[in-house]
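This report covers one protein chain.

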Amino acid sequence: MSPAMEISTAANSSENLYEKGVKTMYENGIEHVPLKYVLPASERPNVSSPEADLVDIHLPVIDFAHLQGPNRRHALESLAHACEHFGFFQLVNHGIAEEVTERMVNVGKRFFEMPLSEREKYMTADMNAPVRYGTSFNQNRDGVFCWRDFLKLVCHPLPELLPHWPSSPIDLRESAENYAEETRALYMVLVEAIVESLGLNQREESIMKDGSQLMVVNCYPPCPQPDLTVGMPPHSDYGFLTLLLQDDVDGLQILHKHRWLTVRPIPGSFVVNVGDHLEIFSNGRYKSVLHRVLVNSTNCRISVASLLSFPFTSTVRPAACLITPTNPRRYKDTDFATFLDFIKSSDSKNKNFLHTRTVVLN
């Protein structure tokens with residue numbers, strides 16, 4: 001074989017390896033991060049550098065029980081402050097049984113432990129597919145890949161979608177179904193509280209009753225050189241709210257006051273963040289904040305993100321009551337089709353999509 005053919009074969013082999021995901025590379029004993037995953041020096045997290053400024057952030061804590069009781073007014077004020085100044089909060093006493101959340105994390109972990117031949121049955125480039133296994137952030141567009149594999153499950157309407165979900169591990173459908181139902185019910189109560197915290201009437205909340213729901217199970221395997229890459233690049237979530245369930249391995253960071261700060265989750269809590277749709281709906285009052293995920297060299301991290309929002313066919317716009325002469329409209333109308341077209345053709349990192357919906361004020 002000629003040298004040119006050897007180089008071509010090696011390149012094709014490497015590309016195939018990337019497409020199989022980072023879990024497969026880790027299982028094959030990779031010792032160095034491939035160039036495909038190496039970020040420019042200015043974008044690297046430098047997690048092991050002596051100069052690294054890895055500072056924790058203590059997110060506001062919202063007690064879900066207080067939202068349901070006589071302290072609701074104070075809890076709504078705390079919720080508004082969290083959404084306005086942090087874009088994130090930790091939700092405790094949420095009422096979802098520990099057995100439900102533990103089973104979801106456990107079955108997610110076991111899915112990624114299955115042979116690639118089982119996982120790759122669900123690989124597809126179709127972003128509208130009801131189930132999708134993949135790697136990186138947006139593998140169809142990413143110039144530099146990130147250290148993450150994922151399983152995406154569209155969750156609504158659940159009876160129609162459940163038969164498409166993976167049948168292995170054998171308890172995945174049951175565990176994920178129970179978890180999806182519980183998180184959706186929790187989300188609807190949170191939406192009611194957020195609408196009230198914005199000073200709106202509950203008619204606004206009714207538009208969510210047939211809303212969209214996407215569950216993303218993320219796997220971040222140990223990385224041989226975590227200083228060179230990230231699990232997820234800086235981005236904001238597109239939906240109304242994201243409810244994040246995670247194991248006990250650190251990784252999530254948020255950008256707060258121009259600094260990357262590490263979120264240490266409270267055991268048994270959800271980390272909840274404002275999405276782009278809520279920032280638009282609130283006319284900019286509540287903030288969809290940039291966040292990223294770091295990786296490490298020793299521990300695998302599993303998280304389950306539930307992204308919930310308006311129905312897929314809805315138009316998302318600022319609530320009319322929040323547009324005033326002193327607070328003019330800040331965002332254009334948008335919808336899911338516009339968002340999908342954007343991420344198919346452009347870099348969806350940072351807040352680029354939300355920036356395309358911003359109204360230029362005179």
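## Overall content

The protein chain has eleven helices and 15 strands. Both are DSSP runs, numbered from the N terminus: helices are H or I with at least four residues, strands are E with at least two. This is a predicted model, where local features need pLDDT of at least 70, side-chain atom pairs count only at pLDDT 80 or more, and totals for chains, interfaces and linings use all residues. Residues are numbered from 1 along each chain as its sequence is written, and side-chain values use heavy atoms, with hydrogens and water left out.

## Burial, contacts and surface

Of the 362 residues in the protein chain, 53% are buried. Buried means under 20% relative accessible area, exposed over 50%, and partly exposed in between (1.4 Å probe, protein chains only). A contact means heavy atoms within 4.5 Å. Take contacts between residues at least 6 apart in sequence: 78% of these join residues at least 24 apart.

The accessible surface of the chain is about 16,400 Å². Carbon and sulfur atoms account for 52% of that surface. Areas come from the Shrake-Rupley method with a 1.4 Å probe; for residues, only the protein chains shown count as cover.

## Helix α8

Helix α8 covers residues 172-197, 26 residues in total. The expected span is 1.5 Å times one less than the number of residues. Gly-199 follows α8 and has a positive phi, near 80 degrees.

## Aromatic rings

The structure holds 13 aromatic pairs. Rings of Phe, Tyr and Trp (its six-membered ring) pair if their centres lie within 6.5 Å; planes under 30 degrees apart count as stacked, over 60 as edge-to-face, the rest as tilted. Tyr-37 and Trp-147 pair edge-to-face, 5.4 Å centre to centre, with 70 degrees between the planes. Tyr-37 lies in the loop between α2 (22-27) and β1 (55-57), and Trp-147 in the loop between β4 (131-135) and β5 (149-154), so the pair ties together parts 110 residues apart in sequence. Both Tyr-37 and Trp-147 are buried.

Ring pairs also link Tyr-238, Phe-312, Phe-336, Phe-339 and Phe-353 into a cluster.

## Cysteines

How many disulfides are there? The count is zero, taking a disulfide as a pair of cysteine sulfur atoms within 2.5 Å. The sulfur of Cys-300 has its closest cysteine sulfur in Cys-219, 3.8 Å away, too far for a bond. Cys-300 is partly exposed, at 29% relative accessibility. Cys-321 is exposed, at 56%.
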